[in-house]
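Hi,

Here is the structure I said I'd pass along.

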Amino acid sequence: MDKAPSMDKDSMVELKKRFKKMSVVLDENSFSNAILSLKEHQKPAIVIKNTSFLDVRSFYLSNLRLARLCIQAKLSTVIREFTIINEPACIDFFEHYFDDLDLALAQLKYATQLLMKISTYFIQLMEKDDCNTLDRCKYLKVNAIGCMYTVAMRCLPILAYIEKVRQHMLAQDDDPTHENAPPSHIVLAKEDCTIPHTSAFEVEKAAGLVDPDTLRWLEELEEKHGFRMHDDCAQEHPLAA
């Protein structure tokens, strides 16, 4: 049997310091809060009166881009912080004890690519000539963010695995030869890896993957914070365009 790779004590101490500086890995609340924290969700509904439809559509296009950037940035932070595993001093250690980490990070990279593909697809739909009503913009926005949120939810088992690795590294003895070496039972189940490569992802069918409860939640947010026609809000004060 091959001898397990090890690090000298100083290298292990430095490695632990870097793990301590890492962010707590994302959970479900991280993504729902990301949606809730979008700028447009911090304001009351905007009542349209004498506003150009191009301005309305521009508002919704901006919403889509911001939603994608917000979720993508969170996943990218995890990917960036865990590039440590591919550094020459660490690669053998992590490949031996946590050989699923490469798969986990590849899944997150696929997810960021899917977010871009979904965003681009729905932006193209919104920019078409037949997207000429407020209801159509709302529909596309809700479905686009629903698809992106669904991709984020599929990342949760992968992120949970990464967090276990992070927590175990924080608990490591500074001496890498100590009996508290990383256990082999921290594994990523293959059935939890459900993020497809972009080439195998049919973005046209993505909306069918969104949970109905997610769509209802996003529709409620849109009703509360999105644009509304002035005729439907006679009791509200219209905002300037």
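A quick definition before the rest: two residues are in contact here when they have heavy atoms within 4.5 Å of each other. On that basis, among contacts in the protein chain between residues at least 6 apart in sequence, 87% join residues at least 24 apart. Keep in mind that this is a predicted model.

On the overall layout, the protein chain has 8 helices and 2 strands, and along the sequence they come in the pattern α-α-β-α-α-α-α-α-α-β. The protein chain has 241 residues, and 45% of them count as buried. Its accessible surface comes to about 13100 Å², with 50% of that belonging to carbon and sulfur atoms.

Two residues I looked at in detail:

Serine 32 sits in helix H2, which spans residues 28-36. Its relative accessible area is 13%, so serine 32 counts as buried, the cut-off for that being under 20%. Setting aside neighbours within four places in sequence, serine 32 is in contact with Tyr149 and Trp217.

Aspartate 102 is in helix H5, residues 101-126. With a relative accessible area of 37%, aspartate 102 is partly exposed, because that class covers values between 20% and 50%. Asp102 also belongs to a negative surface patch, which it forms with Asp92, Glu95 and Asp99. Patch members need over 30% relative accessible area and no salt bridge, and the 37% of aspartate 102 is the value to set against that area cut-off.

Cheers

Key. Residues numbered from 1 in each chain as written. Predicted model: local features only at pLDDT ≥ 70, side-chain atom pairs only at ≥ 80, totals over all residues. Heavy atoms only, no water. Patch = residues over 30% accessible without salt bridge, like charges linked within 9 Å, V, L, I, M, F, W, Y side chains within 5 Å. Areas by Shrake-Rupley, 256 points an atom, 1.4 Å probe, with all protein chains shown as cover. Salt bridge = Lys/Arg side-chain N within 4 Å of Asp/Glu carboxyl O. Lys, Arg positive; Asp, Glu negative; His and termini not counted. Charge placed at Lys NZ, Arg CZ, Asp CG, Glu CD. Helix = DSSP H or I, 4+ residues; strand = E, 2+ residues; numbered from the N terminus. Buried < 20%, exposed > 50% of the residue type's maximum accessible area, 1.4 Å probe, protein only.
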